[in-house]
Amino acid sequence: MSDAYVECLVKAKPSILGKIGRAVLMTLMVICILAIFVLPPLMLFAFIGAVVFGVGAYFVRMFTDLEYEYLYLDKELVVDKIMAKTRRKRVATYQVDRIEVLAPIKSYHLDNYRNRQMNKEKDYSIGEELQPDRRYLLFYEGGEKIMLSPSEEMIKLMKNVAPRKIFSD
């Protein structure tokens with residue numbers, strides 16, 4: 001039995017709302033810290049505000065600074081989410097045998113699947129359209145539609161296992 005192993009790490013683009021939220025929280029934290037020194041009667045409230053806004057900025061950064069790691073090992077694709085380069089969480093495991101189709105996002109192979117109603121739609125990709133677009137759509141058994149940004153090496157390896165389900169156009 002030959003075990004094929006490929007690992008791919010992609011950084012997701014942070015949303016505009018996340019960037020704005022983090023900047024607003026950091027600004028409010030700095031204003032509260034300055035208020036501690038300028039307004040001594042409000043020192044306790046300013047300190048509490050600085051702590052609350054600092055913790056809020058930490059959590060906003062944690063959930064907007066995302067990376068996705070794809071691991072392909074022996075007919076299984078595992079997707080992990082890495083938050084702020086400090087925490088790792090396994091978000092999904094997909095069996096290649098249960099994949100309906102995996103193709104580039106603008107491929108003609110997906111024409112039969114485009115109008116299909118899906119139960120779950122998940123985005124584990126880079127989050128933006130680049131030129132050329134390297135994102136792939138995976139339709140999984142059970143009504144799941146998953147967007148990925150795998151490497152070419154991973155696609156080749158998966159295509160060797162399921163050549164009628166996986167396309168690289």
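Me: What makes Thr64 part of helix α2, and why is Thr64 called buried?

Reply: Helices here are DSSP runs of H or I with at least four residues, and strands are runs of E with at least two, both numbered from the N terminus; Thr64 is found in helix α2, which covers residues 43-64. Buried means under 20% relative accessible area, exposed over 50%, and partly exposed in between, with a 1.4 Å probe and protein chains only. Thr64 has a relative accessible area of 16%, and therefore counts as buried. The model is a predicted one, in which local features need pLDDT of at least 70 and side-chain atom pairs count only at pLDDT 80 or more, whereas totals for chains, interfaces and linings use all residues. Residues are numbered from 1 along each chain as its sequence is written, and side-chain values use heavy atoms, with hydrogens and water left out.

Me: Which residues does Thr64 touch, not counting residues up to four places away in sequence?

Reply: Contact means heavy atoms within 4.5 Å, and with that sequence exclusion Thr64 touches Pro14, Gly18 and Arg22. The side chain of Thr64 also reaches the backbone oxygen of Val60, at 2.8 Å.

Me: Why does Gly18 count as buried, and which residues does Gly18 touch?

Reply: Gly18, which lies in helix α1 (residues 16-38), has 10% relative accessibility and so counts as buried. Not counting residues up to four places away in sequence, Gly18 touches Val60 and Thr64.

Me: How do you know that β2 and β3 are joined, and which way do they run?

Reply: Two strands pair if DSSP finds at least two bridges between them, and seven bridges join β2 (residues 66-73) to β3 (residues 76-83), the two strands running antiparallel. As one example of partners, Tyr68 has Lys81 in β3 as its bridge partner.

Me: What is the strand order of the open sheet, and what makes β1 and β4 edge strands?

Reply: The open sheet has four strands in the order β1-β2-β3-β4, with antiparallel pairing. The strands β1 (5-11) and β4 (87-95) are the edges, since each pairs on one side only. From one strand to the next, the twist averages 20 degrees. Helix α2 packs on this sheet and touches β2, β3 and β4, its direction making about 35 degrees with that of β2; for such angles, axes are lines fitted to C-alpha atoms, for helices over the stretch in contact, and the angles run from 0 to 180 degrees between N-to-C directions.

Me: Why is Lys75 called partly exposed, whereas Lys85 is called exposed?

Reply: Lys75, in the loop between β2 and β3, has 38% relative accessibility and therefore counts as partly exposed. Lys85, in the loop between β3 and β4, has a relative accessible area of 60%, so Lys85 is exposed. Although Lys75 is not a glycine, it has a positive phi of about 65 degrees, and Lys85, not a glycine either, has a positive phi of about 60 degrees.

Me: Which members of the largest nonpolar core touch the most other members?

Reply: A nonpolar core is a set of buried Ala, Val, Leu, Ile, Met, Phe, Trp, Tyr and Cys residues joined through side-chain atoms within 4.5 Å. Of the 30 residues in the largest one, Tyr70, Leu77, Tyr124 and Met158 touch the most other members. The largest share of this core, four residues, comes from β2. Apart from it lies another core, of 10 residues, among them Val101, Leu110, Leu137 and Met147.

Conventions. A polar contact is a pair of N or O atoms within 3.5 Å; within protein, one must be able to donate a hydrogen and the other to accept it, and residues adjacent in sequence count only if both atoms are side-chain atoms.
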